[in-house]
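Subject: Structure handover

Hello,

Below is the structure for you to look at. Please keep it open while you read the notes that follow.

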Amino acid sequence: MSKRHLQLPHSGPTAGTGQPSGRPAGLAGRAITAAAARAGAPGGLRFTERQLYYETCRVLSPGSTLLRGRVPGTPAPVLRLPVFTCALEARGRETVPGLLPPLPEAGARVGPRRPRERAERPERWEPSESSELSESSQFSESYSEPDVYDYGLPRLLMCQDRSIAGMLLANHVHLEAACPVFAAEDALPLDPRLLAALRRAEGATVYVLHDASPAGLALPAQVRSGLGPVPGVRVVSLGLAPRHAAALRLPTGRGPAPGPAALAALPAALRPREAHWLADGRFAEVAAVPPDRLLRTVLRLTRGPRPPRDSLWSGLRGLRGAGFMTWPAA
């Protein structure tokens with residue numbers, strides 16, 4: 001894997017910087033236009049600023065995309081984040097089609113409101129015209145209705161990254177997969193009504209989407225312990241793992257080496273090379289996965305395998321056993 005890395009994510013305005021590329025901001029601005037078109041395809045997907053940054057790096061380095069799946073590795077980003085940020089500000093974030101606005105600071109919930117918060121809301125709530133976050137930060141309001149919790153909840157998705165949770169919701173993943181989407185930092189501990197709905201489903205699954213980092217890989221175990229004694233509920237990691245980052249050729253970052261406690265919390269199923277990779281302080285973000293691929297993967301894994309498509313001959317065979325006005329069995 002590459003020796004060149006990003007810095008720690010979400011650590012300030014210079015987070016995610018790579019090696020100086022020497023590319024002018026004008027070139028980055030033109031690349032942002034192409035990257036936004038690619039990130040929103042197909043069908044006008046919504047995406048975060050971090051996802052746009054990684055897509056811009058792919059536009060400027062097309063060879064990394066061509067080698068994906070053929071030559072595993074974690075290439076260095078070809079564009080420094082400060083250069084990208086300056087180019088985006090010069091262009092204007094509001095002029096980029098599909099770009100989601102920044103989420104509120106931590107503490108402003110991304111997910112269903114708890115009963116206390118719901119009671120504090122006015123009887124009739126009207127979003128302001130400038131509130132473009134209504135699709136993401138105020139999502140799943142239907143889950144706040146009391147009668148929803150009277151039914152079983154077969155699946156639920158937890159995201160380590162709040163912005164990724166907002167992106168999935170803005171693209172209506174919670175509707176297509178019939179799966180509520182939460183940011184872990186906002187939703188844990190879970191509302192007791194959600195726990196009861198999971199228990200009522202008899203075999204529910206809580207999916208966890210996380211970065212390939214010590215904190216991300218430890219999140220499924222934290223979710224499991226946070227659920228408490230809820231029998232029959234599985235906690236399943238959707239990734240990322242270090243091997244996923246290498247297979248997808250995702251840009252990686254490097255921060256301080258994790259301590260002994262963080263290393264001890266890593267899953268036992270990790271390969272030795274992956275454990276050494278993480279011990280060096282390396283990480284890869286879910287935001288580095290192309291938006292369309294991320295949506296397809298999340299939908300496929302949360303909805304489960306699709307039933308086989310019926311053909312003409314299978315339909316005719318089914319009619320033979322349907323009974324009235326069909327062919328005799330002999």
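Is Ala245 buried or exposed? Ala245 is buried, at a relative accessible area of 0%; buried means under 20% relative accessible area, exposed means over 50%, and partly exposed lies in between (1.4 Å probe, protein chains only). Ala245 is part of helix H11, residues 242-247. Helices (H or I, at least four residues) and strands (E, at least two) are DSSP runs, numbered from the N terminus. The C-alpha atom of Ala245 is 8.7 Å from that of Val289, although 44 residues separate the two along the chain.

How to read the model

This is a predicted model, in which local features need pLDDT of at least 70 and side-chain atom pairs count only at pLDDT 80 or more, while totals for chains, interfaces and linings use all residues. Residues are numbered from 1 along each chain as its sequence is written, and side-chain values use heavy atoms, with hydrogens and water left out.

The pLDDT is the predictor's confidence in each residue, from 0 to 100. Its average over the chain is 76, and 66% of the residues score at least 70. Residues 108-144 have a pLDDT below 50, and in the model this stretch makes 70 contacts beyond near neighbours in sequence. A contact means heavy atoms within 4.5 Å.

The chain as a whole

The chain has 15 helices and six strands. Of its 330 residues, 45% are buried. Among contacts with a separation of 6 or more, 79% are between residues 24 or more positions apart.

Helix H9 and its surroundings

Helix H9 covers residues 192-201, and its buried residues are Leu194, Leu195, Ala197 and Leu198. Seen down the helix axis, these buried residues fall within an arc of 160°, so they line one face of H9. The arc is that of the directions from the helix axis to the C-beta atoms. An α-helix has 3.6 residues a turn, so residues three or four places apart point the same way.

What do the buried residues of H9 pack against? They pack against strands E1 (155-159), E2 (181-183) and E3 (205-209), and against helix H10 (214-227).

At the start of H9, a side-chain oxygen of Asp191 comes to within 2.8 Å of the backbone nitrogen of Arg193. Glu202 is not a glycine, yet its phi is positive, about 55°. Glu202 is exposed, with a relative accessible area of 71%.

Thr205 belongs to strand E3 and is buried, at a relative accessible area of 4%. The side chains of Thr205 and Arg234 are joined by a polar contact of 3.1 Å. A polar contact is a pair of N or O atoms within 3.5 Å; within protein, one must be able to donate a hydrogen and the other to accept it, and residues adjacent in sequence count only if both atoms are side-chain atoms. Leaving out residues up to four places away in sequence, Thr205 touches Pro154, Arg155, Leu156, Arg234 and Val236.

Backbone exceptions

Most residues other than glycine have a negative phi, and most peptide bonds are trans. His172 is another non-glycine residue with a positive phi, about 65°. His172 sits in the loop between helix H6 (162-170) and helix H7 (173-176), and is partly exposed at 39% relative accessible area.

Leu188 and Pro189 are joined by a cis peptide bond, with omega about -5°. Pro189 is in the loop between helix H8 (184-187) and H9. A cis peptide bond also joins Gly239 and Leu240, with omega about 15°. Leu240 is in the loop between strand E4 (234-239) and H11.

Aromatic rings and cysteines

Rings of Phe, Tyr and Trp (its six-membered ring) pair if their centres lie within 6.5 Å; planes under 30 degrees apart count as stacked, over 60 as edge-to-face and the rest as tilted. The count is two aromatic pairs. In the pair Tyr53 and Tyr54, the ring centres are 5.3 Å apart and the planes are at 55°, so this pair is tilted. Tyr53 is buried at 0% relative accessibility, and Tyr54 is buried at 1%. Tyr53, Tyr54 and Phe84 form one aromatic cluster.

A disulfide is a pair of cysteine sulfur atoms within 2.5 Å, and the count is zero. Cys159 is in no disulfide, and its nearest cysteine sulfur, that of Cys179, is 9.0 Å away. Cys159 is buried, at 0% relative accessibility.

Regards
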